[in-house]
Amino acid sequence: MRRVQPLLTPALLALVLLLGSCGYNLGSEGPVSLKPATRDLFIERVDNPTAFIWMESRLRSLYRDEITRRGWARWVDRKQATGLVVISVDRYTRNTGVYGRDDKTLRYTATLRVSARVISPVDNSVLWDSGLVTWSENYSYGEEQAVDDLVTDLAVRQLVDRMTQGY
């Protein structure tokens, strides 16, 4: 019987060292674009021009939880904040994606376009801007709640990932 483990450990170690030496890192582990002095955050507002009234509280909660999970900032009262977060929903749509033979809808597509900014409470200068993030998912009839949850969750993760990419 051959033993694979002695060969696997050095190979795995070599792979980790190789990836680390070329600058590769996971999106959540890269350097954060916000300076340490501006990481006391407060969510100033969520601009939501859509008819989906649940969107504001969901985005606020997801964004706060994702930043907290990664340990990149501290959430404080507005008076103590060195950075004010503004989340802006550009659009959220649920459209027909695939038709059947009888022109009956078989699949739908939900698309969220959103951005986030951190601004200075002192002079309103932009400390960080995510740029526009677009996330789409397909779903079937009756899965609206599940797709709403999924699309908002994944779009917020992508927004926060951009904090490490120097946008």
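Setting aside neighbours within four places in sequence, Leu-62 makes contact with Thr-152, Asp-153 and Val-156. Its C-alpha lies 9.7 Å from that of Ala-155, a residue 93 positions away in sequence.

Thr-152, Asp-153, Ala-155 and Val-156 are among the buried residues of helix H3. Helix H3 covers residues 144-161, 18 residues in total. From first to last C-alpha, H3 reaches 26 Å, close to the 26 Å expected at 1.5 Å a residue.

## Overall architecture

Three helices and six strands make up the secondary structure of the chain. In sequence order, these elements follow the pattern α-β-α-β-β-β-β-β-α. The chain contains 167 residues, of which 33% are buried. Among contacts with a separation of 6 or more, 69% join residues 24 or more positions apart.

Strand E1 pairs with strand E2 (residues 74-75) in the parallel sense, over two bridges. Within this pairing, Leu-41 stands opposite Trp-75 of E2.

## Nonpolar cores

The largest nonpolar core has 32 residues. The members that touch the most other members are Leu-59, Tyr-63, Val-85, Ile-87, Leu-112, Val-114 and Met-163. Two or more residues of this core come from each of strand E1 (40-47), helix H2 (55-70), strand E3 (83-99), strand E4 (105-119), strand E6 (133-139) and helix H3. A second, separate core has five residues, including Val-76, Ala-81, Leu-84 and Val-86.

Apart from neighbours within four places in sequence, Leu-59 is in contact with Val-46, Ile-87, Val-89, Leu-112, Val-114, Thr-152 and Val-156. Thr-152 and Val-156 are also contacts of Leu-62.

## Val-86 in strand E3

Val-86, one of the residues of the second core, is located in strand E3. Its relative accessibility is 7%, so Val-86 counts as buried under the 20% limit. Not counting residues up to four places away in sequence, Val-86 touches Glu-44, Arg-45, Asp-47, Ser-115, Ala-116, Arg-117 and Ile-119.

Val-118 is 32 residues from Val-86 along the chain, and the C-alpha atoms of the two are separated by 6.4 Å.

Two loop residues have contrasting accessibility. Trp-72, in the loop between H2 and E2, is buried, with a relative accessible area of 10%. The C-alpha atoms of Trp-72 and Arg-39 are separated by 7.3 Å, although these residues are 33 positions apart along the chain. Asn-124, in the loop between E4 and strand E5 (126-129), is exposed, with a relative accessible area of 56%. Asn-124 has a positive phi of about 60° although it is not a glycine.

Asp-129 is found in strand E5. Its relative accessibility is 26%, a value that makes Asp-129 partly exposed. Between Asp-129 and Arg-162 there are 8.8 Å from C-alpha to C-alpha, and the two residues are 33 apart in sequence.

## Confidence of the prediction

Over the chain the average pLDDT is 85, and 77% of the residues score at least 70. Confidence is highest in strand E1, at 98, and lowest in helix H1 (residues 5-21), at a mean of 56.

Residues 23-29 have a pLDDT below 50. Beyond near neighbours in sequence, this stretch has eight contacts in the model.

Note on methods: Residues are numbered from 1 along each chain as its sequence is written. This is a predicted model: local features need pLDDT of at least 70, side-chain atom pairs count only at pLDDT 80 or more; totals for chains, interfaces and linings use all residues. Side-chain values use heavy atoms; hydrogens and water are left out. Helices (H or I, at least four residues) and strands (E, at least two) are DSSP runs, numbered from the N terminus. The expected span of a helix is 1.5 Å times one less than its number of residues. Buried means under 20% relative accessible area, exposed over 50%, partly exposed in between (1.4 Å probe, protein chains only). A nonpolar core is a set of buried Ala, Val, Leu, Ile, Met, Phe, Trp, Tyr and Cys residues joined through side-chain atoms within 4.5 Å. Contact means heavy atoms within 4.5 Å. pLDDT is the predictor's confidence in each residue, from 0 to 100. Two strands pair if DSSP finds at least two bridges between them.
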